[in-house]
Amino acid sequence: MSRESARAAALALVLSATGGVGAAPEPACPGDGGVAQQVESLRQEFRQAMAAQERRLRELEDAIKRLAPPESRAEAARPASVPPPPPTAPPPSRASLSVCAQGCDARDLQSAVRQVAPGGEIRVAAETHGDCAVIDKPLVLKGLRGADGRRAHLAGGVCMGKAPLVTAATGIVIEGFEITGAEVEDGNGACVRLDPGTRDLTIRDIHCHVVQDGLLGQVGGRLTVEDSTFIGDRGGQTHGKFGHGFYLWGDAALIRRTRILSIQHQGHTLKTGLGQLTVEDSVLAALDGHNSRAIDAYGGGNLVVRRSVIQQGPHSDNNDMIGLGLEPGRMLAGGHSLTLEDNWVVFDAGGRWRKLLLRGRELGPIALVGNRLVGVDAPGLDTIREIGDHWFDDRQKAGLPPFDGSLESLPKPGGAL
């Protein structure tokens, strides 16, 4: 038998002895004394290879254990008879919480929002707070007033790159705060940002100023804003692009006893894509700001303004007060109408040519009832129904003081002087 045949036969014997498969091509020759020695040598090689493989497997298992996180190693080491510990329970919700720098239930707004029960109340001390909060449950967030009249003041904190207060739930009430410094890189820093999920939000007694936008976002259900003041970055203190007083879209809003003033950067005092908007006993005034329009209903909708003051100033960018349906690609489904009733409408830009009340598309009925229009040259649209309006060429003829850029030089809401 040749040496090659003998080696093959020996390998077959080793494989057979160690559980391998296959047969030798021919049986070993009993007279060949070298075969037994080769078989033993191959067996030794095979045992060494198997031992090396076992060591390698153990090294790999140890390496995997070292890479696992501590909790996984602890879980693996725990005897099967010992159950894992229960998950840590969240802190119990509370119906009422206080927020202040020291001595209250929480030191920041977001912690208070996490801890308060749905429908509960958070009371914020009359201090300056540099934080912010995302409100994702129904609650009342109330800023307290100090004995000296000082408000709870949210100053400069911004959540999610949007606003000091971001809403995303049904039934939120926000009241009593001063809010300033809402400035973000994209130019849309708002006092309150309405994220998707916001529904039936109430904003009351808010003083918002030195911001890029007052209110911004999508309205679900009905938004109510009352007894509040929103002032743009008067004097150019922020760096917005098109900062609007309010920029809202969605379902419906009621704005009453509220002032939106001095909008800059060619933004609109009130930009609306709401299906229904009612403004009562309020002031929408450019003053000495550099706004665009007083109201821009870019997609139409149903708009009612009554017992209010609408003013364009000497630096307003447009020569029309109200725009209707000027963005055809964003037209709202449903009905369209405009009613202006018992308002002061004042255009303080004496040298401007052709100052118009309205510009845009006549999408539905337009009614002007009992308004006082000062310095406005023409309605601007043809199919307008007028009842009892009074048109004045200038402030003097209307019995108003000269315009000095201040709110005090405007008439009061309510229709009368």
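Why is the disulfide of cysteine 191 and cysteine 208 right-handed? The torsion about the S-S bond of this pair is about 85°, so the disulfide is right-handed. The model discussed here is predicted.

**Disulfides of the chain**

The count comes to three disulfides. With bonded cysteines counted along the chain, the disulfides follow the pattern 1-2, 3-4, 5-6. The pairs are listed below.

| Disulfide | S to S | S-S torsion |
|---|---|---|
| cysteine 100 – cysteine 104 | 2.0 Å | about 110° |
| cysteine 132 – cysteine 159 | 2.1 Å | about 90° |
| cysteine 191 – cysteine 208 | 1.9 Å | about 85° |

**Cysteine 191 and cysteine 208**

The sulfur atoms of cysteine 191 and cysteine 208 are 1.9 Å apart and form a disulfide. Cysteine 191 belongs to strand β10 (residues 190-194) and cysteine 208 to strand β12 (residues 207-209), so the pair ties together parts that are 17 residues apart in sequence. Cysteine 191 has a relative accessible area of 0% and is buried. Cysteine 208 is likewise buried, with a relative accessible area of 0%.

**Cysteine 132 and cysteine 159**

A disulfide is also formed by cysteine 132 and cysteine 159, with 2.1 Å between their sulfur atoms. Here the location is in loops: cysteine 132 sits in the loop between β3 (128-129) and β4 (133-135), and cysteine 159 in the loop between β6 (152-155) and β7 (165-167), so the pair ties together parts that are 27 residues apart in sequence. The torsion about the S-S bond of cysteine 132 and cysteine 159 is about 90°, and the disulfide is therefore right-handed. Cysteine 132 has a relative accessibility of 14% and counts as buried, because buried means under 20% relative accessible area. Cysteine 159 is buried as well, at a relative accessible area of 8%.

**Cysteine 100 and cysteine 104**

Cysteine 100 is joined to cysteine 104 by a disulfide with an S to S distance of 2.0 Å. The torsion about the S-S bond of this pair is about 110°, so the disulfide is right-handed. Is cysteine 104 buried or partly exposed? Cysteine 104 is partly exposed, with a relative accessible area of 29%, whereas cysteine 100 counts as buried at 5% relative accessibility.

Note on methods
Residues numbered from 1 in each chain as written. Predicted model: local features only at pLDDT ≥ 70, side-chain atom pairs only at ≥ 80, totals over all residues. Heavy atoms only, no water. Disulfide = S-S within 2.5 Å. Buried < 20%, exposed > 50% of the residue type's maximum accessible area, 1.4 Å probe, protein only. Helix = DSSP H or I, 4+ residues; strand = E, 2+ residues; numbered from the N terminus.
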